[in-house]
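Open the model in your viewer and keep the sequence panel beside it. This tour goes from one selection to the next and says what is found at each stop.

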Amino acid sequence: MAEGRRCILSMLEATLAVLFAVMTAVSVTLIAMTATRPTTTCEYAANVKLTDIPDWSRTRRLHRTARRTPSGRFDSLSLRRLPSAASQRLTRVRFVRQMGYANPQQTAAGIHTRLFSRAFIIDDGRRRVVFVTVDVGMVSQRLRLEVRTNTHSAGGRRGQGHRASQVHRCGRRRHRRAQVSVARARWRPKHAGPARSDSRNRSSPSWFAVHAVSMKTTNRLVSSDNLGYASYLMENHKNPAALPGQAAFMAAFSSSNLGDVSPNIEGPHCVNSGLACDYLNSSCPDGGTKECQAFGPGEDMFDSTRIIGHNIFRKGRVCELYADAVEEVTGFIHSAHQWVNMTDVTVFINDTHAVSTCKPALGHSFAAGTTDGGGDLNFTQGAVEGDPFWDGIRDTLLGRPSNQTQECHQPKPILFSTGEMNWPLPWHPEIIDVQIVTVGSVAVVAVPGEMTTMAGRRLREAVQQVTFSGVDVVIAGLSNVYTHYITTYEEYQVQRYEGASTIYGPHTLSAYILKFGDLARAIARDQVGSLPLGPPPPFFQKNLFNLLAAAATDRKPDNSSFGDVLQQVLPIYRQGGGVGFLVLLLSLGLSFRHQRDQSFVAVEMHDNTSDTWTLVHSDASWETRFSWVKGSDRQSNATVEWHIPTNAAAASYRIKHFGHYKSMKGLRPVITPYQGTSDVFRVIGTFYSS
């Protein structure tokens, strides 16, 4: 009997060991992708267009506000009439692993909404700064280094989750002095009225402290999530006749101190029982953290994305962020940047006692995930003690964390001592950059991570104390390089997901306050030139790898062609046919190469007067969805949905799908375009006549 139990226990241990190895591989993959993205990624950066700059002497307006929510104060900044702004698509559709939830099964298989990078240039006649916001989960340090070196613009790889950003100081150029304005207004709970019409306004970037995780772990469609939808609405509001990404006016809703702010405002409960989750560790008695899930305000994740995105858009359009500018100030652009070794920053917390940061490490609660997306194994949030089983597997596979690192991170029980793991490349960066850009009396603090509400509030107050009076400080989160989360010292002691993911230890926030304070003080005293540059980060050129396998050749059944329609549309549809109203077009094959400048989907309306077809929706439109299903024997199908809006014109329409397929001509791969077209169908106001 004892031998039987030992055998069962050994099998259990072996199974868990395999699961741990899989989890380790996933972590290696995500961290390596962040740190070692191949140089081909710069294809996106090089295509972000920053030319065609109009008259620099025109007035630039800058608007900033704060709003209050149950989670605390959200910093927001909105800029008007920038001299130059440009956007670029970044979307690739299949095989790419989506980021944010660390789920290896969540690979892209279609498009919900396109991902864009949006670049804004601000110039005061002496200096120029470029702010680039990208619809991706994070920005890798390698991309950051390549962008600084080559293009002074930014792009990013596909993904969903947060809104990452980069800030760059550009070369000087002779221009006249710019004028900047700031708006301060209290948030009003009711609709504030329509936005003022101003044809001269070209763009509006703003910052919101809310996670872009309305789309859940079950989603397989590339999506810009709630912040991307807010941008979509704002740009459509200013340019109602333009297609997404082609509007003259450009709006960006970027991330601020969003570390502990979820858009899933209905809160978590146990999916399998409907009961409340355990308050301390966010888990369920049956199913653990995986069953404890938070939900948004909508009927499904698409509806929740719509509601949250629309709320953000309303804030940006009709309240103080854009429409209620009341206070105008003039000023110049200043910036300060420094490289910092975050593993060795000493902070004096009083006259006699000093603390320091640590080598990077992730705690046990990191593997638990959050209520927005829980982990698969038996980890829970709030773990302040290690687990002998998992620690034993860690020690066997990865090595035991050093005593110094364990002591430094207390009370965090270390799961991955990433600062001591350097194969094939360092798992986490040691050298990061801190940066502040001021435009007049507005200071944009570029934080390389996800700050919690209170951490952001403390950093903001610290910067305000050392700068000139009246300065407005905005936290621009997830900027330049990704270093996971940044909590307060008190939040770190609890070791929920955010604390376990604060990789430089319990005094990380104190170190950032010190370093950003130095930058702000240098700007206020006009001593930026005396700031040391700091140790430059390594630029890895060896041991780089690409985790995406080469695409296989595509096949089709005999007596068929790529792009054939397998299920036709109906002849008649009604305007606003209800939630989930579908128009289906199934075609064979899918684009082998990403189509950044060409849509996979086109909804065209027939003009009876000119007998021509007009494009009214693309795959970047909220109303369309494009899904790909991989079949057997290298065959695949695609589904196109058009959720017909209530304001769709009563007319005749058709749906098109564009793609490429891969074949072999001898030993040479050949990429061939194809397209599929639906029958013509009508959209009418009602099925009933008078």
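**The nonpolar core**

Start with the largest nonpolar core, which has 51 residues. A nonpolar core here is a set of buried Ala, Val, Leu, Ile, Met, Phe, Trp, Tyr and Cys residues joined through side-chain atoms within 4.5 Å. Buried means under 20% relative accessible area, exposed over 50%, and partly exposed in between, with a 1.4 Å probe and protein chains only. Select I436, V445, Y512 and F516, the residues with the most contacts inside this core. Then select helix α11 (residues 508–524), which gives the core its largest share, eight residues. Helices (H or I, at least four residues) and strands (E, at least two) are DSSP runs, numbered from the N terminus.

The model is predicted: local features need pLDDT of at least 70, side-chain atom pairs count only at pLDDT 80 or more, and totals for chains, interfaces and linings use all residues. Residues are numbered from 1 along each chain as its sequence is written, and side-chain values use heavy atoms, with hydrogens and water left out.

Stay on Y512 and show its surroundings. Leaving aside neighbours within four places in sequence, Y512 is in contact (heavy atoms within 4.5 Å) with M342, I432, V434, P448, M451, L459, T483, I486, Y504 and G517.

**The whole chain**

Zoom out. The protein chain has eleven helices and 35 strands. Of its 690 residues, 57% count as buried. Among contacts with a separation of 6 or more, 76% are between residues 24 or more positions apart.

**The annotated site**

Which residues does the UniProt annotation "binding site" cover? Select H211, E450 and Y485, which that annotation, from an unreviewed entry, covers. UniProt positions are given in the numbering used here, feature names are shortened, and annotations may be inferred rather than shown by experiment. These residues are spread over 275 residues of sequence but cluster in space, with a largest C-alpha distance of 12.6 Å.

E450 lies in strand β24 (residues 450–451) and counts as buried because its relative accessibility is 0%. Its side chain makes a polar contact with the side chain of H211, at 2.8 Å. A polar contact is a pair of N or O atoms within 3.5 Å; within protein, one must be able to donate a hydrogen and the other to accept it, and residues adjacent in sequence count only if both atoms are side-chain atoms.

Y485 is in strand β26 (residues 485–486) and is buried, with a relative accessible area of 6%. The side chains of Y485 and E450 are joined by a polar contact of 3.2 Å. Beyond its neighbours within four places in sequence, Y485 has contacts that include H211, G259, E450 and Y497.

Is Q495 buried or exposed? At 0% relative accessibility, Q495 counts as buried. A polar atom of its side chain lies 2.9 Å from the backbone oxygen of Y492, and the side chain of Q495 also reaches the backbone oxygen of G499 at 3.4 Å. Leaving aside neighbours within four places in sequence, P411 is one of the residues in contact with Q495.

Move to P411, in the loop between α7 (403–408) and β21 (414–416). A cis peptide bond joins Q410 and P411, with omega about 5 degrees. The bond from W423 to P424 is cis as well, with omega near -5 degrees. Most residues other than glycine have a negative phi, and most peptide bonds are trans.

Now select N480, in the loop between β25 (472–476) and β26. N480 is not a glycine, yet has a positive phi of about 75 degrees.

**Aromatic rings**

Finish with the rings. The structure holds 18 aromatic pairs. Rings of Phe, Tyr and Trp (its six-membered ring) pair if their centres lie within 6.5 Å; planes under 30 degrees apart count as stacked, over 60 as edge-to-face and the rest as tilted. Select W642 and Y653: their ring centres are 5.0 Å apart and their planes at 50 degrees, so the pair is tilted. W642 is in strand β32 (residues 636–642) and Y653 in strand β33 (residues 651–665). Both W642 and Y653 are buried.
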